[in-house]
Amino acid sequence: MGARAGRWSGLLVRGGHTVLSWGLTLLLFLHRTELRQQEAHGELLQPLLFVLLVLCSVLLYFAVSLMDPGYVGPEPAPHAQASTSEELKAMVPQKPPTIHLRRCGYCLLKQPLRARHCRSCKRCVRRYDHHCPWIENCVGERNHPLFVAYLALQLVVLVWALRLAWSGISFEQPWGAWLRHTGLLFAAFLLLAVFSAVVALLLASHLYLVSCDTTTWEFMSPHRISYLRRRSSSPFDRGLLRNLGRFFCGCEAVAWEMLYTPEDGEPV
């Protein structure tokens with residue numbers, strides 16, 4: 001029942017996002033906005049560009065929503081571990097002996113450093129950031145860069161749509177006629193203003209956290225995380241450029257155990 005409810009919830013949320021995105025776009029074309037005027041005069045460059053950006057934002061939304069955020073997989077079988085050659089072991093960095101990885105109390109998997117169990121997804125996620133109800137998925141090590149890119153593109157679309165909606169609002173008509181012809185567009189303008197503010201705050205906060213290599217979970221609850229309790233800053237921070245390069249250009253999972261140095265010899 002839980003899995004089925006989760007699927008229906010995901011369908012409703014993703015369907016609602018799609019309908020809202022294209023519904024607001026259609027609304028901008030139906031009213032006397034700059035898009036409508038340009039289309040009427042045969043100037044199709046900006047209308048086509050706007051529709052293309054909306055399409056890209058919707059596709060990026062589905063990519064972030066449906067992809068694996070970095071689920072922790074099962075541990076290799078003991079006989080498989082024993083068969084690993086010494087040469088391969090020398091090539092793969094091993095975690096320092098002071099770091100003891102904890103076992104998840106829900107799925108019983110050994111969690112890598114910075115992983116956390118998500119009760120909504122019922123899985124452990126590497127470099128867990130948060131569970132986002134708007135995408136019905138976790139934001140973790142694999143989809144976090146794409147999530148930030150989605151926020152940036154969505155903000156561009158929202159600000160442009162906000163400007164277009166304002167261009168179609170006129171206050172020169174009598175109240176009754178204005179409400180009948182412009183009321184829906186004005187409501188869309190207010191909705192776009194709220195969405196723009198929320199997305200701008202989200203994007204700014206995530207860029208700040210990425211710049212110092214901290215996740216939302218680590219920033220909000222350092223007192224509940226063993227490797228942060230005695231720290232005033234992220235132990236994984238390697239400077240702005242390195243943090244950004246590792247976040248946006250890293251192609252493989254990071255062995256965070258190798259980048260963590262406990263203070264005063266305290267184990268994690």
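Tutor: Start with ring pairs. Rings of Phe, Tyr and Trp (its six-membered ring) pair if their centres lie within 6.5 Å; planes under 30 degrees apart count as stacked, over 60 as edge-to-face and the rest as tilted. The structure holds eight such aromatic pairs.

Student: What are the numbers for Phe-50 and Trp-160?

Tutor: That pair is edge-to-face, 5.3 Å centre to centre, with 80° between the planes. Helices (H or I, at least four residues) and strands (E, at least two) are DSSP runs, numbered from the N terminus.

Student: Hold on, what kind of model is this, and how are residues numbered?

Tutor: It is a predicted model: local features need pLDDT of at least 70, side-chain atom pairs count only at pLDDT 80 or more, and totals for chains, interfaces and linings use all residues. Residues are numbered from 1 along each chain as its sequence is written, and side-chain values use heavy atoms, with hydrogens and water left out.

Student: Are Phe-50 and Trp-160 buried or exposed?

Tutor: Both are buried. Buried means under 20% relative accessible area, exposed over 50%, partly exposed in between (1.4 Å probe, protein chains only). Of the 268 residues of the protein chain, 40% count as buried.

Student: Which parts does the pair of Phe-236 and Trp-256 tie together?

Tutor: Phe-236 and Trp-256 are edge-to-face, 5.5 Å centre to centre and 75° between the planes. Phe-236 lies in the loop between α8 (216-220) and α9 (240-249), and Trp-256 in helix α10 (residues 256-259), so the pair ties together parts that are 20 residues apart in sequence. Phe-236 and Trp-256 are buried.

Student: What lies over the face of Trp-256?

Tutor: Arg-114, at 4.5 Å from the ring centre. Arg-123 also has its charged end over a ring, that of Tyr-71, 4.2 Å from the centre. A charge sits over a ring if NZ of Lys or CZ of Arg is within 6 Å of the ring centre and within 35 degrees of the ring normal.

Student: Back to α3. How many residues does α3 have?

Tutor: α3 has 22 residues and reaches 32 Å from its first C-alpha to its last, close to the 32 Å expected at 1.5 Å a residue. The expected span of a helix is 1.5 Å times one less than its number of residues.

Student: Which residues of α3 are buried?

Tutor: Among them are Phe-50, Leu-53, Val-54, Ser-57 and Tyr-61.

Student: Which exposed residues are on the face turned away?

Tutor: Leu-45, Leu-48, Leu-59 and Leu-66.

Student: New topic. Which residue has a positive phi of about 45°?

Tutor: Arg-127, although it is not a glycine. Most residues other than glycine have a negative phi. Arg-127 lies in the loop between β2 (123-125) and β3 (130-132). Arg-127 is buried, with a relative accessible area of 5%.

Student: And what is phi for Asp-213?

Tutor: Near 50°, again positive. Asp-213 is in the loop between α7 (175-211) and α8. Asp-213 is buried, with a relative accessible area of 3%.
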